[in-house]
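Here is a short briefing to read alongside the model. Please keep the sequence and the 3D view open as you go.

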Amino acid sequence: MKLLTLRLGNGVTTAVRQDGGTLTEIPGFSDVGALLKDPNWETTAKTAGGTTHPYNGADLAAVVPYPGKIICVGHNYRNHIEEMGHDVPAYPTLFAKYAESLTGPNDDLGLPQESDTVDWEAELAVVIGRTGRRIPESEAADHIAGYAVLNDVSMRDYQFRTIQWLQGKTWEKSTPFGPALVTKDEFTPGPLMTSAVDGEVQQSTPTSDLVFTPEFLVSYISTIITLNPGDVIATGTPGGVGHAQNPKRCLQEGQVLVTTIEGLGQLTSRVIKEA
């Protein structure tokens with residue numbers, strides 16, 4: 001299934017994408033995160049019978065607009081670790097984002113007034129579908145609802161002001177996320193992930209080329225803190241970021257950043273100056 005959070009004139013709602021491109025509302029749930037809190041969410045989504053809308057032209061919000069936690073993983077693709085000059089880590093490098101950083105899959109991406117080193121980071125996002133603490137790796141897949149596309153757009157000047165990255169990673173409305181949650185029965189990590197700026201491919205790596213797999217990350221993170229339905233794990237970015245290029249490259253006003261994972265969909269972010 002492909003689950004989406006759809007903006008309408010009177011608010012937002014949850015919808016499931018049917019074959020042929022029709023979106024069918026799932027009544028009673030304001031967004032995909034709210035749906036995942038229903039223990040019977042899969043059956044509820046499969047039997048949805050609400051109002052229908054065409055997918056083309058739909059105004060989509062971040063697929064889970066208000067996750068309780070967004071936990072991000074750094075240094076999780078070998079080619080990115082190498083380009084940044086680091087060693088392969090023994091344990092995941094974790095940092096956080098907040099819900100205010102998320103935007104829809106087709107929303108404009110605003111360049112902050114305070115930063116002129118805005119960089120792209122294509123990522124595979126894992127969305128939790130079942131509560132768990134200290135989840136064995138062998139059972140972690142049972143706690144994953146599905147996957148989505150995310151771009152961990154980073155303000156590099158703020159990121160590297162200190163050894164802690166958070167201040168460069170959670171800027172308001174800086175993280176496109178969606179377009180849909182694709183349930184794990186329809187997607188397995190492996191297909192190609194790319195980012196492109198004005199049609200020029202910057203990153204291109206299979207999503208299976210991870211140091212730490214989604215299942216390992218679910219197990220590891222749940223050792224530290226309970227994972228709940230709607231929580232998001234951003235699994236890291238591959239090589240090809242602008243900061244590692246010579247000369248360094250940054251996003252500029254007027255450019256279009258496109259982030260794609262085969263089987264999950266595409267984010268299209270037009271770069272504008274923040275108002």
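Two strands pair if DSSP finds at least two bridges between them, and strands (E, at least two residues) and helices (H or I, at least four) are DSSP runs numbered from the N terminus. This is a predicted model, in which local features need pLDDT of at least 70, side-chain atom pairs count only at pLDDT 80 or more, and totals for chains, interfaces and linings use all residues. Residues are numbered from 1 along each chain as its sequence is written, and side-chain values use heavy atoms, with hydrogens and water left out.

**Sheet**
- An open sheet of 5 strands runs in the order E8-E18-E17-E14-E15, with mixed pairing.
- At its edges, E8 and E15 (200-206) each pair on one side only.
- E14 (residues 192-197) pairs with E15 in the antiparallel sense over 6 bridges, and Thr-194 stands opposite Ser-204 in E15.

**Aromatic pairs**
- The whole structure holds 6 aromatic pairs (Phe, Tyr or Trp rings, the six-membered one for Trp, with centres within 6.5 Å; planes under 30 degrees apart are stacked, over 60 edge-to-face, the rest tilted).
- Tyr-147 and Phe-187 form a tilted pair, because their centres are 5.4 Å apart and their planes lie at 55 degrees.
- This pair links distant parts of the chain, 40 residues apart: Tyr-147 is in strand E11 (residues 144-151), and Phe-187 is in the loop between E13 (175-183) and E14.
- Phe-216 and Tyr-220 are stacked, because their centres are 5.8 Å apart and their planes lie at 20 degrees.
- Both Phe-216 and Tyr-220 lie in helix H5 (residues 214-224), 4 residues apart, about one turn of the helix.
- Ring pairs join Tyr-91, Phe-212, Phe-216 and Tyr-220 into a cluster.
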